[in-house]
Amino acid sequence: MNPSDHALTQDRGEWRTLEVEKRFTSPWLNVATHCVATPTRPRGVKWDVVNRKAAVVVAPITAKNEFVLVRQERIPVRQALWEFPAGQIEAPAGQETGEASIILATAVRELQEEAGYRLRPGGRWEQLGFYFTSAAFTDEHSHLLAAIGVEPDPEGSAPEEDEAIVECRVFPRAEFRAMIASGEIRDANTLALFARLTARGL
């Protein structure tokens, strides 16, 4: 993964990468020190950057207008968090992770794998743009989608080996809002997607 792998975060205009010094590489992320010229700092500024694959986040909405959430163990914070299903995009060679078809295919996969749900006949997908998860240190961004009209998949869920999803539940909207208000829901992807849904009137 290189700094320019994401079309959304490539150099443009007065933003120019002058130098990149790699620090750490793994299958999930890269860490590097970037020297970048910016509109206000044309001689360049050094910044440690975590490069991560783009991801999708799915808000599964049932026919009763309820949300489906999974509770997943998150090692860095030593907690299991309530979240919308989400996962990294694995684009085929030669294709950009931001292509609408790749984003949608990833969303379909994550909805089934993590929650054990699928879109019911007559349901629809809504693509709601993207957001940067933590722009102060990473180029990671998540594409936001709503799966409107979901039902349990007869095949159930199939989480990846390194995932620990301990629960999957359906929540009425009032309970979901109360969980946000109380701080019980504190996953950034979930909060961002709900904000986008609310702003779009969904």
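These legends go with close-up views of a predicted model.

**View 1. The largest nonpolar core and Phe-176.** This core holds 20 residues, and Phe-67, Leu-69, Phe-84, Phe-176, Leu-193 and Leu-197 have the most contacts inside it. Zoom in on Phe-176 and, setting aside neighbours within four places in sequence, you'll find it in contact with Phe-67, Leu-69, Phe-84, Ile-185, Thr-190 and Phe-194. Another core, of 15 residues, lies apart from it; Ala-54, Val-68, Tyr-117 and Val-150 are among them.

**View 2. Arg-52 and Glu-140 in a salt bridge.** Here the closest N and O atoms sit 2.9 Å apart. Arg-52 comes from strand β3 (residues 45-52) and Glu-140 from the loop between β8 and β9, so this pair links distant parts of the chain, 88 residues apart. Glu-140 counts as buried because its relative accessibility is 14%, while Arg-52, at 24%, counts as partly exposed.

**View 3. Glu-167 paired with Arg-71.** In this salt bridge the closest N and O atoms are 3.4 Å apart. The partners, Glu-167 in strand β10 (residues 165-171) and Arg-71 in strand β5, are 96 residues apart. Glu-167 is partly exposed at 28% relative accessibility, and Arg-71 is partly exposed too, at 26%.

**View 4. Glu-151 meets Arg-118.** Their side chains form a salt bridge of 3.0 Å, N to O. Glu-151 is in strand β9 and Arg-118 in strand β8, so the pair ties together parts 33 residues apart in sequence.

**View 5. A nonpolar surface patch.** Leu-8, Phe-130 and Phe-132 make up this patch, with about 220 Å² of accessible area together. Phe-130 sits in strand β8 (residues 117-132).

Terms used: Residues numbered from 1 in each chain as written. Predicted model: local features only at pLDDT ≥ 70, side-chain atom pairs only at ≥ 80, totals over all residues. Heavy atoms only, no water. Patch = residues over 30% accessible without salt bridge, like charges linked within 9 Å, V, L, I, M, F, W, Y side chains within 5 Å. Areas by Shrake-Rupley, 256 points an atom, 1.4 Å probe, with all protein chains shown as cover. Salt bridge = Lys/Arg side-chain N within 4 Å of Asp/Glu carboxyl O. Helix = DSSP H or I, 4+ residues; strand = E, 2+ residues; numbered from the N terminus. Core = buried A, V, L, I, M, F, W, Y, C linked by side-chain atoms within 4.5 Å. Buried < 20%, exposed > 50% of the residue type's maximum accessible area, 1.4 Å probe, protein only. Contact = heavy atoms within 4.5 Å.
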